[in-house]
Structure formats: C-alpha cells, structure tokens
Amino acid sequence: MSSDSSSGAYYKDPAVIQQPVILQQKELSRSEKWVPVIYSCLLIAVGQTGMSLLLPALPEMHQDLGISSQMTQWLVSAYLLGFGPSQLFYGPLSDIYGRRPVLLSGLMVAVFGILLCLFAHHSASLIILGRVLQGIGAGCASVIARVSLRDRYEGSHLRQAMAYFGIVMAFVPTITPLAGGFLTTHFGWVSIFFTMAGYLGLLWVLLFYRFDETHQAQSADERAHFIDFVHQYAQLLKSNHFRCYSGVVWIQYSLNVFSISVMPFIMQMQVGMSADVYGRWTLLPAFSLVLGGILASKTRHYFSKETVLQVASLLQFVSGLSMLLLPHTALLMMLGLSLFAFGNGMAFPNALASLLEPYKRTAGTATALAGAGQMLSASLGSALLVALGVTSIFGLGMVLLLGSAVLLYLTHHARNTVPASDDWHSHHQPVHH
C-alpha cells in the first residue's frame with residue numbers, strides 16, 4: 001500500500017485535522033515549497049558545523065593549549081554530550097509551547113556557549129564547558145529542523161522536503177572540515193568559534209523576524225506534564241512502527257558516518273592515496289548521494305516509501321558484496337561506496353517521512369527520540385567498530401552487508417505496523433487506531 005494514501009488517516013481527532021499550519025495535498029506555491037525547507041537546512045547545519053568544523057583544528061588546539069590527547073578528545077565528546085540528550089527535552093517542550101520560542105531560546109544557549117569558548121580561549125576546561133552548552137543549544141535546531149517540516153507538509157510533499165533535507169544533512173559534514181582546515185591554517189583555531197558565533201547570530205536574527213510558528217501551543221488545561229513526557233517516550237518505544245522506521249533511520253545514518261570516517265584510512269593507508277587526492281575522490285560518493293535524494297523526490301508519486309526503502313537496502317547489500325568480492329582498486333572501492341551513498345540518499349528521506357507522518361500533536365517528541373537515538377547509535381557504533389579493528393575494506397564491506405540485511409528485514413516488517421497514539425494523554429484516554 002502506498003504510504004501517501006494513508007497520510008493523515010491514522011487518527012481522526014478533529015483538533016488535529018483542523019490545524020491550519022498543515023499544508024494539505026495540493027499544489028504548493030514556490031514559497032510554500034522551498035522556504036520551509038531552506039530554514040530547516042540552515043538549522044540542521046547548526047548541529048553539523050558545531051561538530052565537524054572544529055575537527056581539523058584539534059591538533060593545533062592540543063598544541064596551543066598544552067593539553068593531553070584525552071583532554072583534546074573531550075572538545076568533541078563534550079559537544080555530543082550536550083547535543084544528543086538535549087533533544088529529548090526540546091521535542092516535548094516544542095509540542096507544548098510551540099516551535100518558535102523553544103528554537104530561539106535554544107539557539108541563544110548555543111551562542112552563549114560559543115562566546116564562552118571565545119572569551120576563555122586560554123582555558124581548556126572553560127572551552128569544554130562552553131562546548132557542552134553549545135551542544136545543548138544546538139540540540140533544539142536539530143529537532144525543530146525536522147519537526148517543522150512535518151508540521152508543514154503531508155504525504156508526497158513531506159517526502160520531497162525530506163529528500164532535500166536529507167541531502168543537506170549528509171552533505172554538510174563532507175564540506176565543513178575543508179572550511180575548518182582553511183580557517184585554522186590561515187586565521188588560527190579561534191577563528192572557528194568566531195565563524196560559529198557569526199553564523200548563529202545571523203541565523204537567530206533571520207529566524208526572529210522570518211520564522212513563523214508551525215505548531216500551536218497547548219492551552220493550560222491540556223498542557224502535558226513530566227509524566228506525560230515519560231509515557232509518550234515509552235509508548236513510542238513500544239510501537240513496532242517507531243522501532244522499525246527509527247531503526248532504519250539510525251542504521252542508515254550510522255553506516256554513513258562509519259563509512260566516511262573509516263574510508264580515508266583505507267584509501268590512504270591501504271592504497272597509498274594522498275589526503276588531497278582522496279578529497280577529490282570523495283566528490284563521487286557525495287554526488288551519488290545527491291542523485292539518490294533527487295531520485296527519491298522525483299519518484300515519490302509512483303512508489304510507496306516501503307518499496308523505495310527496500311530497493312535502497314538491496315543496492316547497499318550489493319555495495320557491501322562488491323567490497324568483499326571485487327579487486328581492491330581505488331576506482332572499484334569508491335564506486336562501491338558511491339553505490340551505498342546512492343542508496344542512502346534514496347532511503348533516508350523516505351524513512352524519516354514514514355517515521356514522522358503519523359504524528360502531529362506529538363511530532364516534536366517523536367522527532368526528539370529519533371534524533372537522540374540517531375546521534376547515540378552513530379557515535380557509539382562507529383567508536384565500537386573502530387575499537388574492534390574494523391578499519392579495512394573487507395571489514396567495511398562486512399558491516400555494509402550485515403547492516404543492509406537488517407535494513408531489508410526492518411523495511412519488510414514495517415509495512416503492517418501500527419503507530420503509537422498521537423496523544424499526550426493517551427494513558428488517560430483510549431488509544432486511537
């Protein structure tokens with residue numbers, strides 16, 4: 001069954017159906033089609049740049065600050081410590097109080113954290129504290145970037161928006177390290193924090209004047225409490241629908257993060273390729289990912305989300321096989337990675353749209369749990385695989401092979417699953433199916 005035909009059919013609550021901010025299945029104007037997607041892409045870049053822009057500067061920071069390697073690693077870990085878990089709070093808060101006030105408040109926390117890094121740039125301890133605050137603030141951008149698209153779009157329009165959003169989400173981490181390296185080389189590592197502060201400051205002003213509320217705040221009578229947060233997260237985790245589609249999102253993102261983190265070592269250590277040459281080779285999988293996202297957008301009217309997800313998983317299975325069976329030349333290895341990236345570009349927007357589509361009242365909560373799990377699974381999974389010594393092309397092929405097999409199972413099983421109730425107070429009221 002095509003998922004578009006089921007859009008909005010899970011629940012018949014009139015209060016949900018009549019929300020004016022949802023753009024129904026009609027032809028959208030150019031501004032309705034693109035402006036919300038542009039805002040979401042600008043927001044998702046907050047979290048991405050906060051992580052990857054600093055990576056090239058770590059060796060210089062290690063030397064200038066005179067800190068240990070473990071302390072240097074905390075400059076990254078501290079950010080993730082704030083970024084991942086904070087999403088679990090921003091999602092429910094945005095469902096209760098609206099997206100706009102939560103977004104503007106969270107971004108101010110991120111700006112404060114960056115300013116602390118700037119003013120205390122001689123103290124590693126204060127920089128680490130600033131990175132925690134930056135991560136806590138950036139978590140709101142990650143949640144609102146996704147959920148504001150869900151607020152505005154339905155069905156095939158949601159799939160199209162998620163396709164372009166997914167391209168930016170995967171593409172930004174491949175570009176920002178180049179910018180971080182340029183800034184560090186020519187202006188020093190402190191310039192990275194100036195750049196982050198400038199970007200967030202300009203974005204905050206833009207959003208303050210131009211970002212419209214996409215979700216009506218709850219009245220005092222219907223406002224959820226802390227126990228409702230816990231209950232809704234428990235309901236989501238019990239739902240086969242959420243587990244299947246969030247599993248697809250988490251695995252797709254984790255495989256992408258692992259492949260782009262281990263492939264430089266494979267190409268430089270195993271093939272003997274220079275970093276500069278490898279940088280040019282990375283354009284091939286990046287271009288393939290963009291093509292996959294465009295294909296996901298163009299075929300949204302013809303194929304169900306589940307069909308596209310299964311085709312993408314099959315392509316990624318072939319990608320893993322190619323790394324195991326074909327000669328390990330630079331061209332064949334990068335073509336194998338490009339095939340995986342193409343499938344990733346197809347799958348990610350469809351999986352994210354399928355995950356969020358049944359939820360309107362509690363879309364922020366569902367988005368927050370999915371986003372926190374995505375970051376946690378990617379960071380822990382990549383660290384575990386590297387610790388186990390999976391740093392060869394054979395090891396990468398096995399990981400892609402096993403990962404795509406799990407994805408095939410999840411997408412097949414997801415077809416007949418029932419979402420959790422889209423209701424904060426479902427433990428007091430009957431569950432709607």
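Helices in this tour are DSSP runs of at least four residues, numbered from the N terminus. The model under view is a predicted one.

**First stop: helix α14**

Select residues 330–356, which make up helix α14, and then highlight Phe-340 within this helix. Is Phe-340 buried or exposed? Its relative accessible area is 1%, and Phe-340 is therefore buried, since the cut-off for that class is under 20%.

Next, display the surroundings of Phe-340. Leaving aside residues up to four places away in sequence, Phe-340 touches Gln-252, Leu-255, Asn-256, Ser-259, Gln-316, Ser-319 and Leu-400.

**Second stop: the nonpolar core**

Now select Leu-43, Leu-54, Met-61, Phe-193, Leu-207, Met-263 and Leu-396, which touch the most other members of the largest nonpolar core, a set of 105 residues. Helix α14 supplies the largest share of this core, with 13 residues.

Centre the view on Leu-207. Apart from residues up to four places away in sequence, its contacts are Tyr-39, Leu-43, Arg-100, Leu-103, Leu-104 and Leu-107.

Finally, turn to the surface and select Leu-326, Leu-331, Leu-332 and Leu-335, a nonpolar patch with about 310 Å² of accessible area together. Leu-331 brings the tour back to helix α14. Leu-331 counts as partly exposed because its relative accessibility is 45%, which falls between the 20% and 50% limits.

How values were computed
Residues are numbered from 1 along each chain as its sequence is written. This is a predicted model: local features need pLDDT of at least 70, side-chain atom pairs count only at pLDDT 80 or more; totals for chains, interfaces and linings use all residues. Side-chain values use heavy atoms; hydrogens and water are left out. Helices (H or I, at least four residues) and strands (E, at least two) are DSSP runs, numbered from the N terminus. Buried means under 20% relative accessible area, exposed over 50%, partly exposed in between (1.4 Å probe, protein chains only). Contact means heavy atoms within 4.5 Å. A nonpolar core is a set of buried Ala, Val, Leu, Ile, Met, Phe, Trp, Tyr and Cys residues joined through side-chain atoms within 4.5 Å. Patches are made of residues with over 30% relative accessible area and no salt bridge: like charges are joined within 9 Å, nonpolar side chains (Val, Leu, Ile, Met, Phe, Trp, Tyr) within 5 Å. Accessible areas come from the Shrake-Rupley method with a 1.4 Å probe; for residues, only the protein chains shown count as cover. A salt bridge is a side-chain nitrogen of Lys or Arg within 4 Å of a carboxyl oxygen of Asp or Glu.
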